[in-house]
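Subject: Structure for you to look at

Dear colleague,

Here is the structure I said I would pass on, with my notes below it.

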Amino acid sequence: YGRFGLDYNEANKTVVGRSDTNITSRFRLTFDASTETDGGVTVGGRIRAQAENRDGGQGAATFSSPQFHVAYGGLRVNVGNIWGAIDSAPGLYLNTTSVGTGIDGMGFNSLAIKGAGFDTFTSAGAGVGGIEAIYSAGGFTGHISFSQQNGGAVAGSADGLQRTAIMLNYSFGDYFVTGAYQSADNGRTITKGGVAGVEADDDLMFFAAGADFGQFGATLQYAQTEEADSVTLAGEAEIGAASTLIGWVNSTDIDNTVTVGQTVTDGTAFGINYEYDLGGGVTFVAGYVQTAAATNENSVQAGLHFSF
Amino acid sequence: YGRFGLDYNEANKTVVGRSDTNITSRFRLTFDASTETDGGVTVGGRIRAQAENRDGGQGAATFSSPQFHVAYGGLRVNVGNIWGAIDSAPGLYLNTTSVGTGIDGMGFNSLAIKGAGFDTFTSAGAGVGGIEAIYSAGGFTGHISFSQQNGGAVAGSADGLQRTAIMLNYSFGDYFVTGAYQSADNGRTITKGGVAGVEADDDLMFFAAGADFGQFGATLQYAQTEEADSVTLAGEAEIGAASTLIGWVNSTDIDNTVTVGQTVTDGTAFGINYEYDLGGGVTFVAGYVQTAAATNENSVQAGLHFSF
Amino acid sequence: YGRFGLDYNEANKTVVGRSDTNITSRFRLTFDASTETDGGVTVGGRIRAQAENRDGGQGAATFSSPQFHVAYGGLRVNVGNIWGAIDSAPGLYLNTTSVGTGIDGMGFNSLAIKGAGFDTFTSAGAGVGGIEAIYSAGGFTGHISFSQQNGGAVAGSADGLQRTAIMLNYSFGDYFVTGAYQSADNGRTITKGGVAGVEADDDLMFFAAGADFGQFGATLQYAQTEEADSVTLAGEAEIGAASTLIGWVNSTDIDNTVTVGQTVTDGTAFGINYEYDLGGGVTFVAGYVQTAAATNENSVQAGLHFSF
């Protein structure tokens with residue numbers, strides 16, 4: 001797909017040599033290939049090429065590393081550039097073209113997971129190397145992912161960043177509930193409660209619940225990381241035949257016993273996303289976000305998203 | 001498209017570790033995507049991937065940054081990796097497969113614009129970030145482009161290279177006339193008439209006029225930059241059913257008051273380009289150029305160009 | 001095509017920060033374009049984009065440099081990223097999906113050419129720049145290739161690595177014989193018999209002969225380089241409708257007069273490759289290799305290869 005628009009970001013006012021208003025854009029090509037064995041097993045692979053221009057910088061497109069999959073019935077196993085169980089949790093992202101606010105997500109401040117990293121498919125450049133299994137049956141989806149990087153000082157052992165995550169989702173009628181958990185090792189560390197070396201990505205918990213009554217919908221998500229607890233409420237309304245309005249508010253409580261390595265801002269953030277379907281796969285998108293920062297917390301975006 | 005051929009360049013005789021005769025080639029893939037809204041507005045994007053081998057060096061293909069467009073009736077607006085108003089001026093480039101002489105343009109010595117840069121679509125790597133509008137009606141085309149780069153020392157302000165250009169073209173029957181102008185800021189500077197800090201890309205003027213009587217055609221172009229005035233006359237003749245011969249001569253007068261940063265060579269250059277259509281989109285191309293340099297001014301190329 | 005699988009490599013036990021068991025994978029896209037002139041000459045080009053993940057490292061896909069070709073009847077001329085006459089010699093590679101053992105070739109220890117480089121098509125990144133001609137008529141194929149790199153200290157002369165190679169192959173009924181020779185200049189040098197500066201890639205000789213009786217086949221190859229003489233015997237058997245088993249054993253004699261720059265290990269290596277056709281272009285591949293190294297000489301791979 002392609003998307004482009006104007007981005008006004010108050011935070012850029014304090015960056016030397018950068019305007020507060022820029023064009024933000026992305027162009028993404030996906031190369032999918034798959035085949036089916038005589039036994040009915042699907043085997044396939046995917047790479048992407050993606051270019052992004054943001055904050056006045058120009059970017060040429062680059063390829064991603066590949067994802068391979070083997071699928072049979074409700075089970076799918078991915079290796080390589082995996083999706084990640086946390087990143088795939090229903091209720092984490094907004095139901096918008098950018099899965100955040102505005103044209104490019106505008107910082108994805110609506111996510112309740114604050115201060116912890118998790119595995120995700122990397123669309124440009126090398127990704128995390130991992131393996132994951134996804135099983136779906138009826139309204140139930142289970143997802144387990146594991147990634148491991150080279151590193152450390154031991155011969156014959158890959159002791160770089162390791163993440164193991166599980167996600168369970170159940171959908172029934174107009175409702176869904178999601179729970180997810182991640183443990184991590186050899187990653188970024190913080191000092192918490194006087195203890196140094198606490199893994200920032202470890203012990204991540206995420207819960208979400210949502211309801212969708214056709215014209216109106218709402219989602220509540222809650223996440224706990226080593227740095228902060230955070231909750232987001234998002235509401236969605238369809239206006240007329242072609243318009244959709246989504247509003248969200250996030251409240252984050254940072255852990256005050258984190259003395260070194262706190263990356264999260266305490267406080268309340270909110271945002272509004274408006275989309276209008278122009279037909280032919282083209283959507284007009286506008287968004288406003290106020291972050292939890294004390295100053296320069298406003299940003300506005302408007303532009304077009306088109307599918308191909 | 002693809003193109004490849006032999007390049008003999010006398011100037012390479014003085015380059016250590018490089019032969020005077022090399023293979024010159026290019027392979028270009030274009031990824032275009034566009035769609036139309038219910039209101040009849042076209043929305044689309046383009047990226048390219050291009051590889052070039054030149055002067056004995058081998059190059060892998062790389063992607064460009066994207067260009068996005070919105071078009072309606074005779075109006076088209078591009079954002080991102082723009083074409084540029086100067087680069088789009090009819091009469092600036094030759095009517096050949098390379099839009100210059102020979103297989104790879106052979107230095108594009110036929111251009112009357114000397115010593116000033118202008119915006120152009122970058123086919124491999126990041127381009128300039130800009131916005132432009134092109135309007136066509138009847139025989140008239142107007143084109144305005146603006147580009148801006150990050151830079152400078154002021155917070156909240158992008159004070160890198162900025163170029164604003166306008167181009168007007170009118171075609172009537174077998175004739176056309178073109179006029180274009182560019183102003184630029186924060187770019188390369190020269191010292192001229194004792195004044196330091198003169199913008200080399202600023203105050204660029206370009207005029208062209210042409211006539212095409214079927215079998216014969218001619219174009220005259222004139223450009224004035226801060227470094228030099230230059231005029232090129234090009235003549236075109238179709239020989240038989242499949243051959244085209246184009247000859248050009250350029251005369252350049254450098255500004256002698258430029259004491260620092262003069263990049264243009266004073267004098268006369270000329271070239272000949274011969275093309276033979278082999279069918280199936282394949283063209284045999286041969287070219288000869290003598291540049292304005294005092295020594296090592298000859299180069300010859302011959303090879304094939306094929307469309308796909 | 002795509003391929004992915006598990007790789008257990010004993011040699012990784014001695015590498016700091018790397019596991020002995022990793023996922024090995026490759027994703028390859030080929031962009032081919034060709035057209036035919038009115039005179040029946042085919043003109044075309046090819047680039048590839050390929051991503052590889054190996055030994056726990058993640059790799060994004062990158063483009064290759066292009067190959068161009070002109071073909072007419074049994075003659076084909078390639079320029080740019082050439083195949084190379086040695087690399088194209090029938091009998092050099094195994095008749096498997098990886099043309100070596102296992103998923104990713106497992107070091108290609110079955111090749112009898114040891115300690116000398118030769119030109120080959122580079123699927124990711126810049127290749128060698130060369131030109132080659134291939135002529136086929138009846139059972140006969142002749143192949144001459146030449147490559148040249150920039151380098152050296154002489155103006156107007158490209159004195160980097162130069163390789164010239166010739167390969168002759170004749171197939172008759174169920175049998176074939178191959179002979180090939182390479183001379184090289186300005187490449188890696190070794191000290192041999194007290195003489196310094198001996199070109200390691202020069203004076204390479206290769207011979208192969210094979211027979212294929214439907215269900216069973218065998219190939220014998222012998223190569224002599226400045227560093228070592230080596231011989232490989234490979235046998236192939238089809239088992240049932242969908243399975244193929246290939247076993248090979250290589251014996252290498254290094255030249256003991258090479259006192260500086262010896263890169264080859266003396267001794268015997270062997271391997272087994274098993275493939276099972278799952279249908280739809282998907283093949284299950286498993287391989288075992290024992291190299292000539294004294295310790296950590298075992299590796300095992302198993303996974304899937306799929307065509308697209």
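**What was found**

His305(B) is buried, with a relative accessible area of 9%, which is under the 20% cut-off that the term requires. Please keep in mind that the model is a predicted one. His305(B) belongs to strand 20 of chain B, and, once residues up to four places away in sequence are set aside, its contacts are with Tyr1(B), Gly2(B), Arg3(B), Thr97(B), Gly281(B), Val282(B), Thr283(B) and Val285(B).

Leaving out neighbours within four places in sequence, Asn273(B) is in contact with Thr96(B), Gly100(B), Thr101(B), Gly102(B), Thr244(B), Leu245(B), Ile246(B), Val285(B), Ala286(B) and Gly287(B). With one of these residues there is also a polar approach, in that a polar atom of the Asn273(B) side chain lies 2.7 Å from the backbone nitrogen of Gly102(B). As for distance along the chain, Asn273(B) and Ala293(B) are separated by 20 residues in sequence and by 20 Å in space, taken from C-alpha to C-alpha.

**Where chain B meets chain C**

Between these two chains, 38 residues of chain B are in contact with 37 residues of chain C, and the area buried there is about 2,500 Å², with carbon and sulfur atoms giving 70% of it. On the side of chain B that touches chain C, the elements that give two or more residues are strand 1 (2-9), strand 2 (21-36), strand 3 (42-53), strand 4 (62-63), strand 18 (267-279) and strand 20 (298-306) of chain B. Of these, strand 2 gives the most, with seven residues. By class, this side of chain B divides into 17 nonpolar, 15 polar and six charged residues.

**Where chain B meets chain A**

Here 37 residues of chain B are in contact with 38 residues of chain A, and the two chains bury about 2,500 Å² between them, of which 70% is on carbon and sulfur atoms. Phe63(B), Phe68(B) and Asn150(B) together supply 23% of the area that chain B buries against chain A, which is more than any other three residues supply. Across this interface there are zero salt bridges, and there are ten residue pairs in polar contact, again with both residues at pLDDT 80 or more. The elements of chain B that give two or more residues to the side touching chain A are strand 2, strand 3, strand 5 (67-72) and strand 7 (129-137), and the largest share, five residues, comes from strand 3. That side of chain B has 15 nonpolar, 19 polar and three charged residues.

**Aromatic rings**

The whole structure holds 42 aromatic pairs over all chains. In one of them, the rings of Phe27(A) and Phe308(A) have their centres 5.3 Å apart and their planes at 35 degrees, so the pair counts as tilted. Because Phe27(A) lies in strand 2 (residues 21-36) of chain A and Phe308(A) in the segment after strand 20 (298-306) of that chain, the pair ties together parts that are 281 residues apart in sequence. Are these two residues buried or exposed? Phe27(A) is buried, at 0% relative accessibility, whereas Phe308(A) is partly exposed, with a relative accessible area of 44%. Elsewhere, Phe31(A), Phe63(A), Phe31(B), Phe63(B), Phe31(C) and Phe63(C) form one aromatic cluster.

**A threonine in chain C**

Thr141(C) has its place in strand 8 (residues 140-148) of chain C. Its side chain makes a polar contact, at 3.4 Å, with the side chain of Ser136(C). Not counting residues up to four places away in sequence, Thr141(C) touches Ile134(C), Tyr135(C), Ser136(C), Met167(C), Leu168(C) and Asn169(C).

With best wishes

Note on methods:
Residues are numbered from 1 along each chain as its sequence is written. Chains are lettered from A and ligands numbered from 1 in the order in which they are written. Side-chain values use heavy atoms; hydrogens and water are left out. Contact means heavy atoms within 4.5 Å. Buried area is the accessible area (1.4 Å probe) that two parts lose on being put together, summed over both. Helices (H or I, at least four residues) and strands (E, at least two) are DSSP runs, numbered from the N terminus. Ala, Val, Leu, Ile, Met, Phe, Trp, Tyr, Cys and Pro count as nonpolar, Asp, Glu, Lys and Arg as charged, and the others, Gly among them, as polar. Rings of Phe, Tyr and Trp (its six-membered ring) pair if their centres lie within 6.5 Å; planes under 30 degrees apart count as stacked, over 60 as edge-to-face and the rest as tilted. Buried means under 20% relative accessible area, exposed over 50%, partly exposed in between (1.4 Å probe, protein chains only). A salt bridge is a side-chain nitrogen of Lys or Arg within 4 Å of a carboxyl oxygen of Asp or Glu. A polar contact is a pair of N or O atoms within 3.5 Å; within protein, one must be able to donate a hydrogen and the other to accept it, and residues adjacent in sequence count only if both atoms are side-chain atoms.
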